[in-house]
Amino acid sequence: MCGIVGFVGRKEASPILVEGLSKLEYRGYDSAGVAILEDGEIKVKKYKGRLKNLEENLNENPLKGHIGIGHTRWATHGEPSDINSHPHSNGDVTISVVHNGIIENYIKLKEWLKTKGYTFCSDTDTEVIPNLVDYYYKGDLFEAVTKATSKMEGSYAIGVISKEEPDKIVAVRKDSPLIVGVGEGEYFIASDIPAVLNHTREVYLLEDKEFVILTKDGVEIKTEDGEKIDKEIYHVTWDVDAAEKGGYEDFMLKEIHEQPKAIKDTLTSRVLKDTKVQLDDINLTKEELENFDRVFIVACGTAYHAGLVGKTIIEKLAKIPVEVDIASEFRYRDPLITEKSLLIVVSQSGETADTLAVLRDAKKTGAKVIAITNVVGSSVSREAHHVLYTWAGPEIAVASTKAYETQLIAMYILGIYFGELKGTLNKEVSEELKEELLILPDKVKEILDKKDELQKYASKNYMDKDLFFLGRGLDYAVALEGSLKLKEISYIHSEAYAGGELKHGPIALIEKGTPVIALLTEDKLKDKMISNIREVVTRGARVLAIANEGDKDAKEVCDDVIYIPRTNSLLTPVLSVVPLQLISYYMAKQKGCDVDKPRNLAKSVTVE
Ligand code: M6R
């Protein structure tokens, strides 16, 4: 839930650490800090609030040194405050640590350390780490870190420095992400690749319990027992611009506009006309597929909404029953998952704690797991049996947009792949879907060009207190996503309802002037949906419809209509969600909200 960085080299560490942290603020931004080895002493600066507080302070009172660690926080244990910010140190500040994760047995460790004379000043779990390292330090920092981590339960990615060995950083991960950047005479650690991309494209993607020792002369990777590990370097091919705003006001707006490319990249080499879907990292046989009696799709937030669309697609194209669930619910409801089940986990970051836990539990039952994720080398990608990467590029804004679009595309790819393998999908339907999929990027572009209409709607409605989304079938799944987008970035209360459910309670909320956004793209459910719209109009609602191009009925019943290009009815979610993303964006901007970093949220939820 936090971001960590570390630097060793010949340059000044402090600006490099701050720049790295600025690329990781999406992981948390309620406080930030650095620890730098200055003239043989560890100097720490850490402040509650955004990174700019730290940056301003460092500008006024610079820390000079060539080795350091840094942290951007999303509070779990202990409120956001200067004291609770990282780095944390032992009492006489000979050891400092940055940490992402949670030390589950920290209370026990803290009590034990107190009996050995250690004292604590913060409310954090992390503070036990520098004290444990200190306890085990007998002249070898690497050894002390291995001993300390052997006592720690939970998840961690840590960077450790010591004034006794002022030439190095020791780092390790377990269940929290960590990469090592390899530059020329300079080396980095970071929670994510964008933090090092301005300096190097060569990285090591660390596995759990791989310990790394960084000095200005190089990087050593070792096991807990000190055995050397030879690891392949991963060369980052995407550009540093891909992780920056590129002229857009916000990452979210940039990422919305990147959707045509993200969709195209996710389809490339997998979906081709007149060829069966080919997948590099999924190699199920027909027999294996036929042996599954049920598919479970499990995810959180937006990824769960993509799963809801996936259910319809896979059931329709591959004729396998599919259950969709929220990971935090699924893991505690004793689901009937067996070795005859196929679990599909969906996670942009690949690090979401609940989703990862479901994956691990499912593997114990003998179920097979496919991960749909956007991050190469993420935990879910490494632990699943098969992987389908979404090629959306780095998603920085907390609100997911291009990742959702590519998760939908992944669902279509899987649905067609399963259908072709099982023989449940006839060639004609499969070819029609492929042809339409391949032209979706252009259709998304057409919707992006309707920016002015959407902005106009947003400026008329941004002062509203509540907003309702309605839809049936796939439109209902998209309505849920539209509603989540609106509430998370604009803080406007909103709900999404299935059109047919209205009469069972929610219609009581509709009164004169209540804004409603109705999705009207499901041809076979259109008449039913029109009746539902009439029901709310009669009670005074102001309705905006998202409808298929040329739909005259929509104009007749609704106050406003945004038209989207026609496509195969199964594929409409990819198009109908785009106006909803833009409406949310513009409403949030009108309200003056920080759309990239909404309050109380973090991009990756790596704790329960
Ligand atoms: O990284 P993941 O896809 O596992 O993240 C899941 C959710 O936390 C995420 O989709 C969240 O709901 C977004 N803020 C929605 O915009």
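**Cavities, domains and helix packing**

By class, four nonpolar, eight polar and two charged residues make up the lining of the largest cavity. The model behind this briefing is predicted. Its protein chain is assigned three stretches: domain 1 (3-243), domain 2 (251-444) and domain 3 (451-590).

**Largest cavity**
- Rolling a probe the size of a water molecule over the atoms shows where empty space is left.
- The count comes to two cavities of 30 Å³ or more.
- In the largest cavity there is about 90 Å³ of space.
- This largest cavity is lined by 14 residues, and those closest to its centre are Cys2, Arg73, Thr76, His86 and Gly101.
- Strand β6 (residues 95-103) gives the largest share of that lining, with three residues.

**Second largest cavity**
- About 50 Å³ is the volume of the second largest cavity.
- Its lining includes Val5, Gly6 and Phe7, along with Ile16, Leu17, Glu19 and Gly20.
- Phe188, Ile189, Ala195, Val196 and His199 also line the second largest cavity.
- Two or more residues of this lining come from each of β1 (3-8), α1 (13-22) and β10 (187-190).
- Helix α1 supplies the largest share, four residues.
- By class, the lining of the second largest cavity has eight nonpolar, three polar and one charged residues.

**Domains**
- The centres of domain 1 and domain 3, taken over C-alpha atoms, are 46 Å apart.
- Domain 2 spans 251-444 in the domain assignment.

**Helix pairs**
- Two packed helices are described by the angle between their axes and the distance between the axes.
- Helix α1 also packs with a partner: its axis and that of helix α2 (residues 51-60) come within 11 Å and cross at roughly 165°.
- Angles over 145 degrees count as roughly antiparallel, so α1 is roughly antiparallel to α2.
- The α1 and α2 crossing is left-handed.
- Helix α9 (residues 301-318) packs with helix α13 (residues 402-422) at an angle of about 20°, and their axes lie 9 Å apart.
- Angles under 35 degrees count as roughly parallel, so α9 is roughly parallel to α13.
- The crossing of α9 and α13 is right-handed.

Methods
Residues are numbered from 1 along each chain as its sequence is written. This is a predicted model: local features need pLDDT of at least 70, side-chain atom pairs count only at pLDDT 80 or more; totals for chains, interfaces and linings use all residues. Side-chain values use heavy atoms; hydrogens and water are left out. Domain bounds come from an automatic or database domain assignment. On a 1 Å grid over the protein atoms alone, a cavity is a set of points where a 1.4 Å probe fits but cannot get out, and a pocket is an open set with protein on both sides within 12 Å along at least five of seven lines; lining residues have an atom within 4 Å of a point. Grid points are joined across faces, edges and corners, and a volume is the space filled by probe spheres set on the points. Ala, Val, Leu, Ile, Met, Phe, Trp, Tyr, Cys and Pro count as nonpolar, Asp, Glu, Lys and Arg as charged, and the others, Gly among them, as polar. Axes are lines fitted to C-alpha atoms, for helices over the stretch in contact, and angles run from 0 to 180 degrees between N-to-C directions. Angles under 35 degrees count as roughly parallel, over 145 as roughly antiparallel, 65 to 115 as roughly perpendicular and the rest as oblique. A crossing is left-handed if the near helix is turned anticlockwise from the far one by less than a right angle, and right-handed if clockwise.
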